[in-house]
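I opened this structure for the first time today and wanted a plain record of what I looked up. The entries below follow the order of my looking.

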Amino acid sequence: MTDHSLTGPFRAGEQVLFIDRKDRRYLVVLQEGSSFQTHAGLVPHDDVIGAPEGTEFGSSGSARFEVFRPTLTDLVLKQPRGAQVIYPKDLGPMLMLADIKPGVRVFETGLGSGALSTTLLRAGAEIVGYELREDFAKRAEQNVERAIGPEALDRYDINIRDAYEAIEHTGFDRVLLDLPEPWQVVERLTPEVLHPGGILVAYTPSVTQVMRLHRALDAAGFAMTETVEIMQRTWHVEGQAVRPDHRMVAHTGFLTHGRYRGPSGPKA
């Protein structure tokens with residue numbers, strides 16, 4: 001079993017990040033006797049195994065690579081995809097908006113490639129996930145195991161089911177949605193499914209989805225409903241030359257969140 005919280009020298013079987021001089025990143029699983037191969041030559045894995053983080057290695061083609069352990073951001077962006085992932089700039093705020101902490105019980109639907117699941121599980125959540133497509137469910141499970149270890153699967157209960165039709169599990173503290181018509185899931189929520197006081201967070205790409213979702217949340221008895229959009233702009237810093245980068249990660253999706261009062265609460 002791989003230890004996914006390693007410090008110290010690199011070990012065979014763990015994932016590492018090769019970073020070249022142009023900041024291009026390559027996620028690699030270290031294996032004895034194998035090599036990291038690029039157009040710029042080879043770096044034997046045996047040279048990396050046993051070395052500390054931050055060590056620089058030269059390839060057979062004279063390229064230089066620094067090697068570090070990947071962060072969760074690296075794992076999310078580099079994981080195999082079956083569907084578009086939620087980007088790290090949105091995953092972090094979703095954790096905060098949903099108030100995710102160890103032991104919280106989450107209903108998640110629209111698993112996709114498992115980026116959100118990975119983030120929730122690493123924060124200590126327990127997830128019941130609904131996914132329509134078996135190939136997406138399998139990939140999400142594989143990506144979770146690869147990123148944070150097989151022990152996380154004990155807290156990850158994937159079901160091939162349609163949340164639009166019914167939610168057959170109960171007793172949730174949080175609901176996280178990433179699917180085209182989240183209002184259809186909102187209509188299925190009851191105090192047995194989501195505890196009063198529980199939090200819902202939905203990721204939706206379009207403003208028309210946001211409008212319809214707000215109407216459904218109002219009708220279902222949610223309070224403090226809010227929609228936010230997260231934009232990310234990096235800066236170029238080189239000596240005294242400091243300016244915003246020409247390109248930025250602007251719109252990816254809207255994050256809508258609210259607190260559940262239950263059907264007895266006042267309606268907006």
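My notes go from the whole protein to single strands, helices and residues.

**Ground rules.** I am working with a predicted model, in which local features need pLDDT of at least 70 and side-chain atom pairs count only at pLDDT 80 or more, while totals for chains, interfaces and linings use all residues. Residues are numbered from 1 along each chain as its sequence is written, and side-chain values use heavy atoms, with hydrogens and water left out.

**The whole protein.** I began with the overall count, which gives 7 helices and 15 strands; helices (H or I, at least four residues) and strands (E, at least two) are DSSP runs, numbered from the N terminus. The C-alpha trace spans about 70 × 50 × 30 Å along its principal axes. Of the 268 residues, 43% are buried, where buried means under 20% relative accessible area, exposed over 50% and partly exposed in between, with a 1.4 Å probe and protein chains only. I noted an accessible surface of about 13,500 Å², 50% of it belonging to carbon and sulfur atoms; the areas come from the Shrake-Rupley method with a 1.4 Å probe, and for residues only the protein chains shown count as cover. I also looked at contacts, meaning heavy atoms within 4.5 Å: among those with a separation of 6 or more, 59% join residues 24 or more positions apart.

**An open sheet.** I then traced a sheet of 4 strands, which is open, has the order β2-β1-β6-β5 and pairs in the antiparallel sense; two strands pair if DSSP finds at least two bridges between them. Its edge strands are β2 (25–29) and β5 (56–58), each of which pairs on one side only. Neighbouring strands of this sheet are turned by 35° against each other on average, direction ignored, with axes taken as lines fitted to C-alpha atoms (for helices over the stretch in contact) and angles running from 0 to 180 degrees between N-to-C directions. Within the sheet, β1 (residues 15–19) and β6 (residues 64–68) are joined by 3 bridges in the antiparallel sense, and F18 stands opposite V67 in β6.

**Aromatic pairs.** Searching the whole structure, I found 8 aromatic pairs; rings of Phe, Tyr and Trp (its six-membered ring) pair if their centres lie within 6.5 Å, and planes under 30 degrees apart count as stacked, over 60 as edge-to-face and the rest as tilted. Because F18 lies in strand β1 and F65 in strand β6, the pair ties together parts that are 47 residues apart in sequence. F18 is buried at a relative accessible area of 0%, and F65 is buried at 3%. A second pair, F107 and Y130, has ring centres 4.8 Å apart and planes at 80°, so it is edge-to-face as well. F107 sits in strand β7 (residues 105–109) and Y130 in strand β8 (residues 126–130), 23 residues apart, and both residues are buried. I also noted that ring pairs link F18, Y26, F36 and F65 into a cluster.

**Strand β10 and its partners.** Since 5 of the 6 residues of β10 (residues 172–177) are buried, I recorded this strand as largely enclosed by the rest of the structure. β7 and β10 run parallel over 4 bridges, with T109 opposite L177 in β10. β10 and β11 are also parallel, joined by 5 bridges, and here V175 stands opposite L200 in β11.

**Residue L200.** L200 belongs to strand β11 (residues 194–204) and is buried at 0% relative accessibility. The C-alpha atoms of L200 and L97 are 8.7 Å apart, although 103 residues separate them along the chain.

**Helices.** Helix α4 (residues 115–122) is mostly covered, with 7 of its 8 residues buried, among them A115, L116 and L121. Just after α4, G124 takes a positive phi of about 105°. My last stop was D74 in helix α2 (residues 72–78), which is buried with a relative accessible area of 9%. The side chain of D74 reaches the backbone nitrogen of T71 at 2.9 Å, a polar contact being a pair of N or O atoms within 3.5 Å, where within protein one must be able to donate a hydrogen and the other to accept it, and residues adjacent in sequence count only if both atoms are side-chain atoms. D74 also touches L17 and R25, not counting residues up to four places away in sequence.
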